[in-house]
Amino acid sequence: MKIYHDGRTRSLRVVWMAEELGLDYQAIPVELGSAELVAVNPLGTLPAFVDGDVRMSESMAIVQYLAGRYGPTPIALEPEDPDYAAYLQFLWLGEASIAMPFTLRILNMFMAPEKLKGGWIEHYTQNAMPKRIQHVADRLAEHDYIVGNRFTAADISLFHALGAVELVGLENEVTPSIAAYRERIKSRPAFQRAVAK
């Protein structure tokens, strides 16, 4: 199993999940767009994942694959679990609803040509992001983790997405419940091992 990796990217989710599951894998440091990466993932993006004949590049799809292929694991809920719907909701909310506007804002702030910065993207993200962060904060005010009081793969999705809060100028949106949640996550041994890769 090979995970092409840069800890600043979504590949951290995949390495972290592999650590949570205790899998034997190789983390391969690689630069975005490099020939080595494009040979595995034609998009030139991270993560890039190889498991035998399997090739994948969507971080949360890889996390879900690892849980299904190498589980069962208590951090990936099954359909009979009462929290299964909430688990799926937040498993994908981290990427689809939180990371998406953050990514747009980061691209607008740091990569757009000067004459194209701002505009509708800035307006959209300025309004969308605080609402989404508050939705998470409200949930975490009642629970230690995003799905009740147990750590799940949904936290891997969400925690990584929340990592950009300060980068996009929303540090004032970090409520006490989010701050406490982030510290709980950071204390996990598997997370610490993943960050060290």
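**The enclosed helix**

Author: Start with H6, where 10 of the 10 residues are buried, so this helix is largely enclosed by the rest of the structure. Keep in mind that this is a predicted model.

Reader: Which residues of H6 are buried?

Author: Ala153, Ala154, Asp155, Ile156, Ser157, Leu158, Phe159, His160, Ala161 and Leu162.

Reader: And what do the buried residues of H6 pack against?

Author: They pack against H1, H3, H4, H5, H7 and H8.

Reader: OK, the nonpolar core. How many residues are in the largest one?

Author: The largest nonpolar core has 53 residues. Trp16, Met17 and Leu66 are the ones with the most contacts inside it. At least two residues of this core come from each of H1 (11-21), H3 (59-70), H4, H5 (119-140), H6, H7 (176-186) and H8.

Reader: What is Met17 in contact with, leaving aside its neighbours within four places in sequence?

Author: Val63, Leu66, Ala67, Ile75, Ala153 and Ile156. Of these, Ala153 and Ile156 are among the buried residues of H6, while Val63, Leu66 and Ala67 are among those buried in H3.

Reader: What lies apart from that core?

Author: Another core, of 8 residues, lies apart from the largest one. Ile28, Val30, Leu37 and Val40 are among its members.

Reader: Back to H3. How far does H3 reach from its first C-alpha to its last?

Author: H3 has 12 residues and reaches 16 Å, close to the 16 Å expected at 1.5 Å a residue. Its buried residues include Ser59, Met60, Ile62 and Tyr65. The buried residues of H3 pack against H1, strand S3 (48-51), strand S4 (54-56), H4 and H6.

Reader: Why does Ser59 count as buried?

Author: Ser59 has 3% relative accessibility, and buried means under 20%, so Ser59 counts as buried. Not counting residues up to four places away in sequence, Ser59 touches Arg10, Arg13, Val14, Pro47 and Glu95.

Reader: Where is Pro47 found?

Author: Pro47 is in the loop between helix H2 (35-40) and S3. The peptide bond from Leu46 to Pro47 is cis, with omega near 5°. Most peptide bonds are trans.

Reader: Pro74 next. Is Pro74 buried or exposed?

Author: Pro74 counts as exposed, at 66% relative accessibility. The loop between H3 and H4 holds Pro74. The C-alpha atoms of Pro74 and Thr152 are separated by 7.3 Å, although these residues are 78 residues apart along the chain.

Reader: How many residues line the largest pocket, and which lie nearest its centre?

Author: It is lined by 30 residues, and Arg8, Thr9, Arg10, Thr103 and His160 lie nearest its centre. His160 is also one of the buried residues of H6, and Arg10 is one of the residues that Ser59 touches.

Reader: Which helices each supply at least two residues of that lining?

Author: H4 (84-110), H6 (153-162) and H8 (189-195). The largest share, 6 residues, comes from H4.

Reader: And how do the lining residues divide?

Author: Into 16 nonpolar, 8 polar and 6 charged.

Definitions and conventions
Residues are numbered from 1 along each chain as its sequence is written. This is a predicted model: local features need pLDDT of at least 70, side-chain atom pairs count only at pLDDT 80 or more; totals for chains, interfaces and linings use all residues. Side-chain values use heavy atoms; hydrogens and water are left out. On a 1 Å grid over the protein atoms alone, a cavity is a set of points where a 1.4 Å probe fits but cannot get out, and a pocket is an open set with protein on both sides within 12 Å along at least five of seven lines; lining residues have an atom within 4 Å of a point. Helices (H or I, at least four residues) and strands (E, at least two) are DSSP runs, numbered from the N terminus. Ala, Val, Leu, Ile, Met, Phe, Trp, Tyr, Cys and Pro count as nonpolar, Asp, Glu, Lys and Arg as charged, and the others, Gly among them, as polar. A nonpolar core is a set of buried Ala, Val, Leu, Ile, Met, Phe, Trp, Tyr and Cys residues joined through side-chain atoms within 4.5 Å. Buried means under 20% relative accessible area, exposed over 50%, partly exposed in between (1.4 Å probe, protein chains only). Contact means heavy atoms within 4.5 Å. The expected span of a helix is 1.5 Å times one less than its number of residues.
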